[in-house]
Amino acid sequence: MSERAVLHVKGRILVGPDEVRSELWVVDGRISYDRPAGARDVRTVDGWVLPGLVDAHCHVGLDRHGAVPDDVAEKQALTDRDAGALLLRDAGSPSDTRWTDDREDLPRIIRAGRHIARTRRYIRNYAWEVEPGDLTAYVAQEARRSDGWVKLVGDWIDRDLGDLSACWPRGAVEAAIAEAHRLGARVTAHCFAEDSLRDLAEAGIDCVEHATGLTDDTIPLFAERGVAIVPTLVNIATFPALADGGESRFPRWSAHMRRLHERRYDTVRSAYDAGIPVFVGTDAGGALPHGLAADEVAELTKAGIPPVEALAAGTWAARKWLGRPGLAEGAPADLVVYGSDPRADVRVLADPRRVVLGGRVVA
Ligand SMILES: [Zn+2]
């Protein structure tokens, strides 16, 4: 009988928050819970095992000035990978990073195409900048070239007003979201403030990024419609510094940013309590470095989300939401091994013992 070389993973396999198995094998890059006949362990890995972490708001191929060369994008993806983030939802990038799909050593990326913003209402060099009459056409274009998501910039500073304000009239987002759904894509939007949220939710949006402007007025609506949020609390932590920088020119905007920051944990906790799906996202690649998924899970617990639920927001639940398997029989062996139970203390996520991607120990 011929022997097959396999990776043997044992310890506590956290298939779900309450489903624990004691071992699995990796055969041809995939998970098997049955010891393969004639298997010879090439390597045994031992510890607490989670499906690869999900960073549901990440930008590969982007820095604070716009698109970056492929070698820089590669480093960004490797940083996420080595931190255990093996599934990334790219929330908008002007770079074409589809070349990473052929690289088995890089995290899987679900792309949202390029951001679509209102003219001069977003960070320079990031977005397609269009007017409402062209929104549906650009949404259709990005829906076709992305991996099933489209990213809008829902609000931004209006320099004439000196404050955050909604970027799109209701009719324009309604038509654009309907078109994305017709093409089989989901839609998400960057929103810091309050005033764009009702229109977007009523227009059928699937997710809102940051969502710092949720209030008692819009939280029940989001819950009823099942609109998910990705709070990116590690990014919201930068609001006070941004507010300081804009204070002299835009005092109203600065004060608004500070208020949103001050109530950020209450906002996330209220959203979670109302039943709004909350997921882990870092916003890495704009102003922030990559590899912060563990920090964001810790931030969600600071907001008052129970540790096992914060963990789910960056693992089991996030994978299900994005249509990707976790630690299922036959699934790609994308997993992370820790030295202690992450359900007991999520801080262990910052210190993975082993990272396994496509069945290979990569870190
Ligand atoms: Zn972002």
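Which residues do ring pairs link into a cluster? Select Y122, Y126, W156, F192 and F239, and you have them on screen. Rings of Phe, Tyr and Trp (its six-membered ring) count as a pair if their centres lie within 6.5 Å; planes under 30 degrees apart are stacked, over 60 edge-to-face, and the rest tilted.

Before going on, some ground rules. This is a predicted model, where local features need pLDDT of at least 70 and side-chain atom pairs count only at pLDDT 80 or more, while totals for chains, interfaces and linings use all residues. Residues are numbered from 1 along each chain as its sequence is written, and side-chain values use heavy atoms, with hydrogens and water left out.

**Stop 1: the aromatic pairs**

The structure holds seven aromatic pairs. Zoom in on F192 and F239: their ring centres are 4.7 Å apart and the planes sit at 70°, so this pair is edge-to-face. The pair links distant parts of the chain, 47 residues apart, with F192 in the loop between β15 (186–191) and α4 (197–202), and F239 in helix α7. (Helices, H or I with at least four residues, and strands, E with at least two, are DSSP runs numbered from the N terminus.) F192 counts as buried because its relative accessibility is 7%, and F239 is buried at 1%. Buried means under 20% relative accessible area, exposed over 50%, and partly exposed in between, using a 1.4 Å probe and protein chains only.

Now pick F279 and W321, a stacked pair at 4.2 Å centre to centre with 10° between the planes. Here F279 lies in the loop between α9 and α10, and W321 in helix α12 (residues 316–321), 42 residues apart. Both F279 and W321 are buried.

**Stop 2: the zinc ion**

Click on the zinc ion and show H57, H59 and D283. They coordinate it through NE2, NE2 and OD, at 2.0 to 2.1 Å. Donors are N, O and S atoms within 2.8 Å of the metal (3.2 Å for Na, K and Ca); water is not among the atoms, so sites may look incomplete. Along the chain the donors follow the spacing H-x1-H-x223-D. H57 is in strand β5 (residues 53–58), whereas D283 is in the loop between α9 (264–273) and α10 (293–302), 226 residues apart. Both H57 and D283 are buried.

**Stop 3: the largest pocket**

Next, show I123, W156, F192, L242 and W253: of the 33 residues lining the largest pocket, these are the closest to its centre. Its volume is about 900 Å³. On a 1 Å grid over the protein atoms alone, a pocket is an open set of points with protein on both sides within 12 Å along at least five of seven lines; a cavity is a set where a 1.4 Å probe fits but cannot get out, and lining residues have an atom within 4 Å of a point. Colour α7 too, as the largest share of the lining, five residues, comes from there.

**Stop 4: the largest cavity**

Which residues line the largest cavity? Select D90, S93, S95, D96, T97, R98, R111, G113, R114, R145 and S146.

**Last stop: charges over rings**

Finish with R21, whose charged end sits over the ring of Y33, 4.1 Å from its centre. The charged end of R264 sits over the ring of Y265, at 4.3 Å. That wording applies if NZ of Lys or CZ of Arg is within 6 Å of the ring centre and within 35 degrees of the ring normal.

Note on methods:
Grid points are joined across faces, edges and corners, and a volume is the space filled by probe spheres set on the points.
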